[in-house]
Amino acid sequence: MSIADYFEWTIDFEGQKLADQLTHLLLICFAVVGFVAGYVTESLLLTVAIFGAGLLLATVVVLPPWPMYKRHPQKWLPSTK
C-alpha cells in the first residue's frame with residue numbers, strides 16, 4: 001500500500017458542487033459577521049479572527065470526503081475491450 005492510497009479521496013460531481021456551494025456560503029457568512037463585529041467594536045483583530053474561524057470550519061466541512069459528497073456515483077460505460 002502506497003502513500004497515495006491514503007490520499008485517494010473521491011467525491012462525485014454533485015458532491016463537488018455541494019462542496020463549492022458550502023465553501024462560498026460559509027466564507028461569505030463569516031466574512032459578513034466578522035466585518036460587522038469588527039466594525040462595531042472597531043477591532044481588525046476580531047474581524048480577522050472571525051474570518052479565520054470560518055476558514056477553519058469551511059476546511060473541516062469541505063476538505064474530507066464525507067459521505068454526503070458521494071451520494072451520486074457516476075455510472076461509467078462498460079469497457080469495449
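Predicted model: local features only at pLDDT ≥ 70, side-chain atom pairs only at ≥ 80, totals over all residues.
Biologist: OK, what order do the elements run in from the N terminus?
Modeller: They go α-α-α.

Biologist: And what does the C-alpha trace span along its principal axes?
Modeller: About 65 × 25 × 15 Å. The radius of gyration is 18 Å, whereas a compact globule of 81 residues would be near 12 Å.

Biologist: What share of the residues is buried, then?
Modeller: Buried residues account for 14% of the 81.

Biologist: What about contacts between residues at least 6 apart in sequence?
Modeller: Of those, 69% join residues at least 24 apart.

Biologist: Switching to side chains: how many aromatic pairs are there?
Modeller: The count is 1 aromatic pair. That's F35 with Y39, and they're stacked, 6.1 Å centre to centre with 25° between the planes.

Biologist: Where do F35 and Y39 lie?
Modeller: Both are in helix α2, residues 13-41, and they sit 4 residues apart, about one turn of the helix.

Biologist: Next topic: what's the phi of E42?
Modeller: E42 has a positive phi, about 55°, and it isn't a glycine. Most residues other than glycine have a negative phi.

Biologist: Where is the place of E42?
Modeller: E42 is in the loop between α2 and α3. With a relative accessible area of 75%, E42 counts as exposed.

Terms used
Residues numbered from 1 in each chain as written. Heavy atoms only, no water. Phe/Tyr/Trp six-rings, centres within 6.5 Å; stacked < 30°, edge-to-face > 60°. Helix = DSSP H or I, 4+ residues; strand = E, 2+ residues; numbered from the N terminus. Buried < 20%, exposed > 50% of the residue type's maximum accessible area, 1.4 Å probe, protein only. Rg over C-alpha atoms; globule rule 2.2 N^0.38 Å. Contact = heavy atoms within 4.5 Å.
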